[in-house]
Structures are given as structure tokens and as C-alpha cells.
Amino acid sequence: VNLRALTSWVGIARLLAVVLSCLTFSLVASTGHFEGPYGTWCMFTWCFCFAVTLLVLLLELLELYPLLPLSWDDFTSAFSMLAALMVFTSSVVFPATFISSPCSGSLCARQAVATAASCLCFLAYAVEVSLTRAKPGDISSFLSTVPGLLKVFEAYVACLIFSLLDEYNRESGLMWCVAVYSICFIFTLLIIIFTIGRCLTYIPCPLEKVLVGYNFLALLMYLTAMVLWPLYSFRGRSRPDPCHTDCWWNKHLGVTFLTIFNLIAYLVDLVYSTRMVFFRAP
């Protein structure tokens, strides 16, 4: 038994994440008010993060993780980053969707406490990400470096984009943007999976330089999507009145902002990857 898995700063952050995620989904479940796709997504997020974090703690406590055929450090780094992003999204979506104004009574109190617990859970995962992030110059665990964490961010933002896509078959420009999102997501996801599965060493080419080239191409592709998506989405079309949550205008505006976020992520990824590959300290 490795008690340090629970007493280290990383272990404490994981324990807090387990307790807070359990508290959050328990409170929301007690309200019975989490219907629809947004409520289902939030409940899945809290339950998924609770289950996987508890499993990580048990495997490290019993020192069973070396038996798994994967890179443990890469897996835990990628999961903590993914969990932080998922819980942050749920912490925003849940109160915006289910807490109405004016808010009073037992139902509102439980929803408010659940929202606060979800925000604290996000902070716990964010602390874990900062504690496990690789030091400058250390590339032994790729997904714990800044480019590796950005890969998880890029894949997650692409998933959010897919959840908002609709009415893109009418314009060739919009179809090109969807192709950009899909191609970049697939390649980024493969990089994450191959890294966790220790398969990158079997690729017969200088992998670091390939990743730099991929980041450059992805940056160019997202640059075209950043221009074409709003151009073809809003050209000759005004915002409907009223425009509810599922309104096409709101969804297309969300895709526009998420495209910009991923463009910035690929730019930062390219800068860090280039520095790691071509400007290594002696």
C-alpha cells in the first residue's frame, strides 16, 4: 500500500475532486431536475470524473498501475486536463440552464450548492494539472508538457464545436470548416491515444518534427475556418427575434468563438513545440 498516493499534494487534490464531484451529482440527483441533453451531459461529467479519479487513487494506493499496458503519467495528465475542462463546462452550463431567476426554496439552494461544489471541483482538477505539469526541458511524459496539455484542450474544444453544428450542408464554405474540425480532431485524438498507449516509438520518422509540421498545417486550416465560418454562417442572415438557447444564430456564434479558441491553442502549441524541438538548451 502506497499511502503517499493519498498524502501528497496531488493525492489531496484528487481526494478533493472525488468528494466534490460526488457531492455535486448527489445534490443534483436529489433535485430530480436535470432533464434534457444539457442536464444529462452535466450529470455524466460529474459521475465520470468521480469514477475515474477514484479508480486512479485506488490503483496508485495499491500500486497496481505498473501492470497496465499504458503510460501512466501521460494518462493521468491527460485525464486531469480533460476533467478540468469538462467540469468547468458543466459549472457554466448547469446554472445557466437550470437555475432561474428569481431563485428561492430548497430546490434553488441545492442547485446553488451543487454549482459551488462543481466550481471547487474544477479548481481541484486545475491544481492537479499544475502539480503534474512537466518542468521546462522535461519531455519524458509528453502529455504533461504544455503541447501535450494543449492537445487535450484542442480535442475537447473540437467536441464542443461538433455539439453545436447544424445547417452546414447548404454552403461549401461551411462544409470545408466541418472538414477542418473533423480532420484536426481525428489526428489530435490519435496523437493522444498513441502517446498513452506507448505506440509513438514504433513510428519510423522523426516524431517531434512531424508534430511541428502537423501543428503548422492545423493552424493554417483553422485560420481558413475562422474566416469562412462566420462569413458563410451570417451572410445575408440576421439574428432571429426571439432567439432561444437552441437558436441557430447562437450556435453558429458559439462555433465562431470556439474556432478562435482552437486557433489560439494551435498557435501556442506550434510555438512551444518549435521551441522544444529546435531550440533545446544544451
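Is Tyr222 buried or exposed? Tyr222 is buried, with a relative accessible area of 1% (buried is under 20%, exposed is over 50% and partly exposed lies in between, using a 1.4 Å probe and protein chains only). Keep in mind that this is a predicted model, where local features need pLDDT of at least 70, side-chain atom pairs count only at pLDDT 80 or more, and totals for chains, interfaces and linings use all residues. Residues are numbered from 1 along each chain as its sequence is written, and side-chain values use heavy atoms, with hydrogens and water left out.

**Helices and the UniProt record**

- The helix labels below come from DSSP runs numbered from the N terminus (H or I, at least four residues, for helices; E, at least two, for strands).
- An unreviewed UniProt entry puts the feature "transmembrane region" at residues 6-29, 41-59, 79-100, 107-127, 139-162, 174-196, 211-232 and 253-272; such annotations may be inferred rather than shown by experiment, and their positions follow the numbering used here, with feature names shortened.
- Take the span 6-29: the model makes it 96% helix and 0% strand, with 28 Å between the end C-alpha atoms.
- For 253-272 the figures are 100% helix and 0% strand, and the end C-alpha atoms sit 29 Å apart.
- Within helix α5 you'll find Ala112, which at 39% relative accessibility is partly exposed.
- From Ala112 to Val129 is 17 residues in sequence and 26 Å in space, C-alpha to C-alpha.

**Aromatic pairs**

- A pair of aromatic rings is described by the distance of the centres and the angle of the planes.
- There are 16 aromatic pairs in the structure (Phe, Tyr and Trp rings, the six-membered one for Trp, with centres within 6.5 Å; planes under 30 degrees apart are stacked, over 60 edge-to-face, and the rest tilted).
- One of them joins Phe88 and Phe122, whose ring centres are 5.2 Å apart with planes at 50°, so the pair is tilted.
- Because Phe88 sits in helix α4 and Phe122 in helix α5, this pair ties together parts that are 34 residues apart in sequence.
- Phe88 is partly exposed at 45% relative accessible area, and Phe122 is partly exposed too, at 25%.
- Tyr181 and Tyr222 make another tilted pair, with centres 5.7 Å apart and planes at 50°.
- Tyr181 belongs to helix α7 (residues 172-196) and Tyr222 to helix α8 (residues 207-234), so here the parts tied together are 41 residues apart in sequence.

**The largest pocket**

- The largest pocket has a volume of about 1,400 Å³ (a pocket is an open set of points on a 1 Å grid over the protein atoms alone, with protein on both sides within 12 Å along at least five of seven lines; points are joined across faces, edges and corners, and a volume is the space filled by probe spheres set on them).
- Its lining holds 40 residues, and those nearest the centre are Trp41, Thr89, Tyr156, Leu160 and Ser163 (lining residues have an atom within 4 Å of a point).
- At least two lining residues come from each of α3, α4, α6 (146-164), α7 and α9 (248-278), with α4 giving the most, 14 residues.
- By class, the lining of the largest pocket splits into 32 nonpolar, six polar and two charged residues (nonpolar covers Ala, Val, Leu, Ile, Met, Phe, Trp, Tyr, Cys and Pro; charged covers Asp, Glu, Lys and Arg; the others, Gly among them, are polar).

**The cavity**

- One cavity of 30 Å³ or more turns up (a cavity is a set of grid points where a 1.4 Å probe fits but cannot get out).
- About 40 Å³ of space lies in the largest cavity, and its lining is made up of Arg14, Thr53, Val56, Thr76, Phe79, Tyr125 and Glu128.
- Helices α3 (36-61), α4 (72-98) and α5 (105-132) each give two or more residues to that lining.

- Most residues other than glycine have a negative phi, and most peptide bonds are trans.
- Glu63 isn't a glycine, yet has a positive phi of about 55°; Glu63 sits in the loop between α3 and α4.
- Arg198 also has a positive phi of about 55° without being a glycine, in the loop between α7 and α8.
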